[in-house]
Amino acid sequence: MIKLNANAPGVPLADQWDAYKAGCKLVSPNNKRKLDIIVVGTGLAGASAAATLGQLGYNVKSFCYQDTPRRAHSIAAQGGINAAKNYQNDGDNVFRLFYDTIKGGDYRSRESNVYRLASISPEIIDICVAQGVPFAREYGGLLANRSFGGAQVSRTFYARGQTGQQLLIGAYSAMSRQIAAGTVQLYSRRDVLDIVVVDGKARGIIARNLVTGEIERHSAHAVVLATGGYGNIFYLSTNAMGSNATPAWSAYKKGALFANPCFTQIHPTCIPVHGEFQSKLTLMSESLRNDGRIWVPKEKSDAELIRQKKLRPEQIHESKRDYYLERRYPAFGNLVPRDVASRAAKERCDAGFGVGSTGLAVYLDFGDAIERLGRAEISARYGNLFQMYQRIVDDNPYRTPMMIYPAVHYTMGGLWVDYELMTTVPGLYSIGECNFSDHGANRLGASALMQGLADGYFVLPYTISGYLSHEINTPPIPTTLPEFHLAARDVTDRLDRLKKSNGKESVDHFHRKLGKIMWEYCGMSRNEAGLTKALGLIEELKAEFASGVNIPGGLKEYNPELEKAWRVEDFIELGDLMVRDALHRKESCGGHFREEYQTPDHEALRNDDEFAYVAAWEHKGRNDEPEMHREELRFETVTPSQRSYK
Amino acid sequence: MKFTLKIWRQKNADDKGRMVSYKVDDISPDSSFLEMLDQLNQQLIAKGEDPVSFDHDCREGICGACGLYINGRPHGPLKGTTTCQLHMRAFRSGETICVEPWRSGAFPVVKDLIVDRSALDKIIQAGGYISINSGGLPDANTIPVPKHDADDAFDAAACIGCGACVAACSNASPMLFVGAKVSHLALLPQGRIEATRRVQQMVAAMDALGFGNCSNTYACQAECPKEISIANIARMNREFLTAKLFAEKEKNIGFTL
């Protein structure tokens with residue numbers, strides 16, 4: 001049993017980060033330029049880390065699978081970024097942001113990391129503004145804020161519905177400056193397929209050049225994974241098509257523990273699925289819930305007529321509409337947290353009240369808001385979202401209520417990291433969505449961008465220097481070491497094996513199948529029988545994939561099917577771990593809803609006596625079951641309570 | 001719906017390339033253009049043929065990865081729309097659709113419909129940033145910014161770096177891309193400090209990378225999926241001219257890449 005210790009400083013919560021920084025070992029400038037750091041991924045976490053580490057004087061090698069760092073999927077984040085600035089003087093402070101995040105995460109995150117995140121948050125806004133991020137402003141010239149995702153204060157900074165894009169361009173431009181300065185070397189169109197561990201320390205990676213197919217070895221004194229989440233395991237998700245778990249999964253196989261894999265976030269406001277060939281789902285910002293009202297017909301017969309296109313929603317009288325969130329949660333209404341809103345939508349649709357051609361949709365209605373505020377104001381607030389909706393669905397949301405349905409959006413689980421964001425492999429770090437640390441069982445809106453940038457700009461640059469201060473006498477790591485040979489050979493062997501598989505079905509066929517298993521049995525609600533069944537189905541799928549996949553094209557050329565095959569094979573294995581984790585956690589918390597554990601009025605029922613811990617899984621080899629280790633969660637500052645939004 | 005597709009196939013940068021015809025049917029009008037190509041690729045894979053390669057990632061119209069030259073227009077027939085957000089209902093069933101990669105000397109073809117747009121990154125590296133470090137920064141509200149300046153800066157910063165402006169231009173000029181970045185930063189007080197240096201370095205990089213110049217056909221504005229205004233090019237030209245007037249001062253910094 002590995003003893004998991006976060007190693008947060010043993011001082012009161014509010015003093016921990018200052019105490020850490022005061023005691024943290026530094027590396028002098030002349031030594032920094034002798035040290036190499038690999039950063040995988042160029043989203044908010046990866047780009048901000050590469051930029052900052054480069055600026056500090058380390059030799060940074062940055063990797064991304066896209067053609068340019070600016071396309072990493074952080075770019076698609078819409079709503080905003082939280083920060084405890086209290087610019088609105090509405091009672092916000094660091095403690096409140098910390099408390100909201102812990103509570104929103106359903107008491108399954110680590111106090112020390114979350115407190116640090118909240119305390120760093122104001123500085124993030126400072127750096128973004130200094131970089132030229134064009135946040136929304138008031139007429140007085142100061143920054144505007146909005147309330148987001150049910151927060152009782154307005155602490156969310158935003159740049160229309162494109163906050164992620166603007167923040168990423170900020171981080172990308174900072175990184176570009178370092179590329180020009182020669183401190184960051186960019187390797188784009190690379191898939192990182194393995195982590196190289198030498199004498200117990202992370203020392204490099206094996207990458208595939210996606211254009212030439214060449215297998216490359218890159219070494220460094222430390223490796224940072226900022227590769228995002230694994231939501232694409234569900235096939236249909238709001239993630240980018242290329243988003244994948246491969247680097248994190250190779251880390252797991254090289255000894256890093258994978259924490260809380262079953263904690264996935266299903267976002268309540270996405271555009272519903274239209275058909276079999278759909279490739280991905282599109283999110284509509286949660287900010288829409290600030291003014292939109294969610295409803296389904298009160299009568300099943302009305303819902304049925306709507307599904308048959310014999311009735312339009314505008315024709316349903318006010319008294320025949322069920323505003324189910326307002327009914328069930330009068331205090332928070334349409335602004336309940338994401339997990340609660342998603343489950344409520346599923347509950348209504350499963351009960352036969354769903355709308356749209358598939359019956360898997362609910363209405364998000366702006367009729368009242370347009371009457372109250374006028375069309376111009378609604379257009380100013382949500383114009384780009386309405387336009388996007390209209391483009392995809394071909395319907396006018398100013399006239400007809402929008403249709404929405406929950407979709408996979410974010411994964412709270414990820415590589416286990418300590419207070420320093422280091423995994424259980426020395427020298428291997430994980431930042432941003434790739435780690436598990438800050439959001440517990442459910443992430444609050446506008447907190448992902450905050451975490452990515454906090455980790456990259458402010459946390460990692462300090463914590464990594466503590467580790468590297470012991471490496472100043474280590475010369476550059478040669479890529480001729482036997483460990484690099486072995487890892488490169490393993491990669492080549494696996495590529496050969498994949499290519500040789502002489503099956504009939506395309507990679508997408510298997511990916512879609514996996515997605516269906518995960519969505520059905522390990523999605524919005526889970527139960528023991530379904531999860532047990534899923535384990536068997538995944539085992540079968542694994543075997544089918546091995547013999548049945550068909551990958552055209554060669555190894556030494558641009559071959560997107562080959563890339564996908566590697567990723568999907570990893571997803572299948574990760575699916576098994578997710579299901580195991582969901583099966584073992586016999587409680588409901590946040591995004592993890594076990595049907596057996598609910599209150600009489602169908603709310604999630606947590607079990608703090610038995611499950612107030614992080615489940616961190618250890619890979620035990622190909623043929624053995626993974627072993628679970630626990631990091632007990634101690635709540636010294638906040639007292640866990642039943643979340644109530646009534 | 002069904003379509004005849006004429007698609008540019010080119011195995012790699014050295015291959016000569018050619019147009020190849022394919023037929024697809026059973027396409028939903030609600031499918032995006034890329035989902036239609038997915039369907040074609042599934043057919044090709046089933047037949048053991050090499051699927052058509054194209055860049056794509058977010059499929060939400062924001063990452064800028066996708067970009068196809070459809071029936072002679074970057075991102076196809078709809079205004080203000082990326083290829084991934086173009087749906088098949090914009091076409092007539094039975095139509096023949098021509099699909100080509102971006103064409104520009106500065107964007108060499110990688111494979112099929114994929115081109116190498118790293119030249120755009122190099123232009124940003126030449127100066128598309130504000131030179132600040134991550135410590136010792138003033139509080140974000142220290143410098144008020146007039147709302148309309150912030151809004152204009154945002155409009156320019158909405159560029160997704162897809163390269164449609166270059167593909168649309170008869171001179172293969174990236175002036176809309178460069179103008180948008182120059183404007184975004186020059187409109188904000190934080191970016192003014194090094195505005196003179198920035199515009200000269202970015203324009204020098206643009207020239208050195210083999211792009212052409214602007215001759216005011218407005219094609220870029222018409223085809224830009226984010227509807228970036230050519231006012232940004234005018235602003236860049238003004239910035240550039242002003243900068244040149246003060247060029248003596250800047251002489252020793254050097255504008256080379």
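Visitor: Into which domains is chain B divided?

Guide: This is a predicted model, in which local features need pLDDT of at least 70 and side-chain atom pairs count only at pLDDT 80 or more, while totals for chains, interfaces and linings use all residues. Residues are numbered from 1 along each chain as its sequence is written, and chains are lettered from A and ligands numbered from 1 in the order in which they are written. Domain bounds come from an automatic or database domain assignment. Chain B is divided into domain 1 (3-39 + 49-110) and domain 2 (117-250).

Visitor: How many residues does the contact take from domain 1 of chain B and from domain 2 of chain B?

Guide: Over C-alpha atoms, the centres of domain 1 and domain 2 of chain B are separated by 28 Å. Two residues are in contact if their C-beta atoms, placed from the backbone, lie within 7 Å. On that criterion the contact takes 18 residues from domain 1 of chain B and 17 residues from domain 2 of chain B.

Visitor: Which element gives the most to the side of chain B that touches chain A?

Guide: This contact takes 63 residues from chain B and 61 residues from chain A. Helices (H or I, at least four residues) and strands (E, at least two) are DSSP runs, numbered from the N terminus. Among the elements of chain B that give two or more residues are helix H1 (33-46) and strand E6 (109-111). The most, six residues, comes from H1(B).

Visitor: Is A:Pro29 buried or exposed?

Guide: A:Pro29 lies in helix H2 (residues 29-32) of chain A. A residue is buried if 20 or more other C-beta atoms, placed from the backbone, lie within 10 Å of its own, exposed if 12 or fewer, and partly exposed in between. Because A:Pro29 has 9 C-beta neighbours inside 10 Å, A:Pro29 counts as exposed.
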